[in-house]
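User: I would like to check the labels attached to this model against their criteria. Please take them one at a time.

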Amino acid sequence: NRRFVLAAHPQGLPTPQDVRLETTPVPEPGEGQVLLRTLYLSLDPYMRNLMDEVGPVYAPAVPLGEVMVGGTVNRVVASRHPGFKAGDLVLGNAGWQDYALSDGSDLIALGDMAEPSHALGGLGMPGFTAHLGLLDIGQPKPGETVVVAAATGAVGAAVGQIAKLRGARVVGIVGGEDKRRYALDELGFDVCLDRRDPQFAEQLAQACADGIDVYFENVGGEVFDAVLPLLNIGARVPVCGIIAHYNDKTAPAGPDRVPQLMSAILQKRIRVQGFIILDHYGERFDAFRREMGAWVERGEVKLREDRIDGLENAPQAFIGLLQGHNFGKLVVRVGED
Ligand code: NDP
């Protein structure tokens with residue numbers, strides 16, 4: 001069993017030395033447990049927050065020397081649990097390793113899914129995040145302008161496509177021309193801008209001449225700076241992530257802009273609401289899977305995956321994710337089925 005454990009708390013952007021590859025015997029399932037073989041490992045931005053010494057509010061940090069956490073698609077190889085049998089395909093949390101044990105409480109049966117890795121992307125946690133954050137908090141109405149960054153990523157691509165299905169006008173923001181073209185040509189966004197363009201803020205203002213009604217916050221940083229003055233009266237801002245800040249070591253320099261932010265929220269009656277998708281599993285997840293599954297089947301929502309081969313390549317791929325090198329949902333193919 002190969003596994004990556006946390007070796008050091010990253011200082012800024014993680015380095016490959018912050019995790020360590022170890023080999024351990026494949027564990028034996030005890031009574032009530034199943035042994036899982038990992039087929040796919042999901043790499044997600046939140047993992048960066050779990051590598052810090054003091055973790056985020058919503059989940060415990062990974063202790064030094066412990067296996068890096070992560071959502072996975074697994075094959076049950078041995079079972080001493082009445083609810084699972086060898087051969088079952090499940091969604092699990094095996095982390096960055098070949099094999100893991102589970103007591104079954106965190107497993108979701110996947111049946112005969114055609115593309116099981118999509119259970120880690122558009123049909124799983126990131127897609128659910130997009131659906132819930134956009135529809136519950138963003139509440140886009142036909143004709144309104146929805147802005148989303150990291151717009152070809154796992155969450156952002158779903159946000160933009162669902163907003164289009166709701167009749168909104170969608171302005172995507174991405175890093176790079178290939179992603180920009182994809183958002184326009186394949187995802188059907190109305191406008192897509194490159195956040196690295198020196199004229200980005202002016203381009204956004206031009207693209208949102210009637211202002212922004214929903215800003216789905218995925219990134220923070222300079223993108224948010226460009227968005228803030230364009231928010232309309234009554235705008236909604238689901239705060240999903242601020243990936244531009246996950247590697248920050250200190251507070252940003254410059255004048256304190258909190259009063260300016262609070263004043264905009266006050267005067268324009270903006271609704272800013274954070275959410276953590278972990279809170280919303282249960283009944284909501286099944287309803288999401290049915291609706292999103294139907295959209296994907298009918299070709300109304302497209303899913304793009306950035307698939308890396310081999311567990312050994314997970315650290316580099318993860319570091320790339322935090323720099324915008326992924327193009328689509330980042331997934332590692334760990335084991336042969
Ligand atoms: P993505 O697949 O979108 O990958 C991350 C992308 O973020 C990169 O490809 C890059 O896109 C963009 N990015 C990276 N660095 C920066 C930067 N400095 N400034 C602006 N953009 C940057 O990831 P996900 O779809 O999985 O996640 C998107 C966001 O949603 C993250 O903030 C994540 O933490 C959050 N999230 C929150 C959840 C919740 O429960 N609240 C659940 C799941 C995700 P590009 O190069 O195109 O700009």
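Analyst: Helices here are DSSP runs of H or I with at least four residues, and strands are E runs of at least two. On that basis the chain has 9 helices and 15 strands. The model is a predicted one.

User: Why is Ala244 called partly exposed?

Analyst: A residue is buried at 20 or more other C-beta atoms within 10 Å and exposed at 12 or fewer. Ala244 has 19, so it is partly exposed. Ala244 sits in the loop between β12 and α7 (258-267).

User: Which residues count as contacts of Ala244, leaving aside neighbours within four places in sequence?

Analyst: The criterion is C-beta atoms within 7 Å. Val219, Gly220 and Gly221 meet it. For Val171, 73 residues away along the chain, the figure is a C-alpha separation of 19 Å from Ala244.

User: How do you know that β11 pairs with β8 and with β12?

Analyst: Pairing requires at least two DSSP bridges between the strands. Strand β8 (residues 145-149) is joined to β11 by 3 bridges, and β11 to strand β12 (residues 231-239) by 2, so both meet the requirement. The two pairings are parallel. Val146 has Val214 in β11 as its bridge partner, while Ile212 stands opposite Leu231 in β12. Between β11 and β12 the chain passes through helix α6 (residues 221-227), in a right-handed β-α-β crossover.

User: Which residues touch the most other members of the largest nonpolar core?

Analyst: Ala151 and Val332 do, in a core of 91 residues. Helix α3 (residues 154-165) supplies the largest share, 7 residues.

User: How do you know that the radius of gyration agrees with a compact globule?

Analyst: The rule is 2.2 Å times the number of residues to the power 0.38. For 337 residues this gives a value near 20 Å, and the chain has 20 Å, so the two agree. Along the principal axes, the C-alpha atoms fill a box of roughly 60 × 45 × 35 Å. Of the contacts between residues at least 6 apart in sequence, 66% join residues at least 24 apart.

Methods: Residues numbered from 1 in each chain as written. Predicted model: local features only at pLDDT ≥ 70, side-chain atom pairs only at ≥ 80, totals over all residues. Right-handed = clockwise from strand over helix to strand, strands pointing away. Core = buried A, V, L, I, M, F, W, Y, C linked by C-beta atoms within 7 Å. Contact = placed C-beta atoms within 7 Å.
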